[in-house]
Amino acid sequence: MNVFSNWFHYLPWDDEPEKMGKTVKELLEWEQTETKYNMIQKVLPTIKKYAAQGDSIPMIFGGDMNSASHLDWGEETAGLHNNLIVPWYATKVLEEIGL
């Protein structure tokens, strides 16, 4: 079993990004302007490698993403987030590799 403990940097951060007055596109660009995005890019090749082996070697990936989750910003919850549906990169990229 492969076990990973993670911490993505908190920047950029806003407690209520839905109140920043940005479009979905602008929020995604904002999310990729600072440290968190760069950290993800550095660890993503390693995470992908082990995630690809997940069918034969179980993997646990835990920790702090320091991000809103795309799972909480979908159609069902848009009313809670100023009618925004945001596929936040920090969590969406993990889902895309099978986590």
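Colleague: Thanks! Let me begin with Asn 82: is it buried or exposed?

Modeller: Happy to start there, and please keep in mind that this is a predicted model. The cut-off for exposed is a relative accessible area over 50%. Asn 82 has a relative accessible area of 51%, so it counts as exposed.

Colleague: Which value does phi of Asn 83 come near, and is Asn 83 buried or exposed?

Modeller: Asn 83 belongs to the loop between strand 2 and helix 3. With 62% relative accessibility, Asn 83 is over the 50% cut-off and therefore exposed. Asn 83 is a residue other than glycine with a positive phi, near 60°.

Colleague: Let me step back to the whole protein. In what pattern do its helices and strands follow along the sequence?

Modeller: The protein has three helices and two strands. Read along the sequence, they give the pattern β-α-α-β-α.

Colleague: What share of the residues counts as buried?

Modeller: For a sense of scale, the C-alpha atoms fill a box of roughly 45 × 30 × 20 Å along the principal axes. The protein exposes about 6200 Å², with 51% of that supplied by carbon and sulfur atoms. Of its 99 residues, the share that counts as buried is 36%.

Colleague: How far apart are the mean positions of the positive and negative charges?

Modeller: The protein carries 8 positive and 15 negative charges. Their mean positions are separated by 8 Å.

Colleague: How are helix 2 and helix 3 oriented to each other?

Modeller: Two packed helices are described by the angle between their axes and the distance between the axes. Helix 2 (residues 35-52) and helix 3 (residues 89-96) pack at an angle of about 10°, with their axes 11 Å apart. Angles under 35 degrees count as roughly parallel, so helix 2 and helix 3 are roughly parallel.

Colleague: Which residues of helix 3 make that contact?

Modeller: On the helix 2 side, the contact is made by Lys 36, Tyr 37, Ile 40, Gln 41, Leu 44 and Ile 47. On the helix 3 side, it is made by Tyr 89, Ala 90, Val 93 and Leu 94.

Colleague: What do the buried residues of helix 3 pack against?

Modeller: The buried residues of helix 3 are Tyr 89, Ala 90, Thr 91, Val 93 and Leu 94. After helix 3 comes Gly 98, whose phi is positive, near 100°. As for packing, those buried residues lie against helix 1, helix 2 and strand 2.

Colleague: Now for strand 1: is Asn 6 buried or exposed, and which residues is it in contact with beyond its neighbours within four places in sequence?

Modeller: Asn 6 is in strand 1 (residues 2-7). At 11% relative accessibility, Asn 6 is under the 20% cut-off and so counts as buried. Its C-alpha atom is 9.5 Å from that of Val 43, 37 residues apart along the chain. Leaving aside neighbours within four places, Asn 6 is in contact with Phe 61, Gly 62, Gly 63, Asp 64 and Met 65.

How values were computed: Residues are numbered from 1 along each chain as its sequence is written. This is a predicted model: local features need pLDDT of at least 70, side-chain atom pairs count only at pLDDT 80 or more; totals for chains, interfaces and linings use all residues. Side-chain values use heavy atoms; hydrogens and water are left out. Helices (H or I, at least four residues) and strands (E, at least two) are DSSP runs, numbered from the N terminus. Buried means under 20% relative accessible area, exposed over 50%, partly exposed in between (1.4 Å probe, protein chains only). Accessible areas come from the Shrake-Rupley method with a 1.4 Å probe; for residues, only the protein chains shown count as cover. Lys and Arg count as positive and Asp and Glu as negative; His and the chain ends are not counted. The place of a charge is taken as NZ of Lys, CZ of Arg, CG of Asp or CD of Glu. Axes are lines fitted to C-alpha atoms, for helices over the stretch in contact, and angles run from 0 to 180 degrees between N-to-C directions. Angles under 35 degrees count as roughly parallel, over 145 as roughly antiparallel, 65 to 115 as roughly perpendicular and the rest as oblique. Contact means heavy atoms within 4.5 Å.
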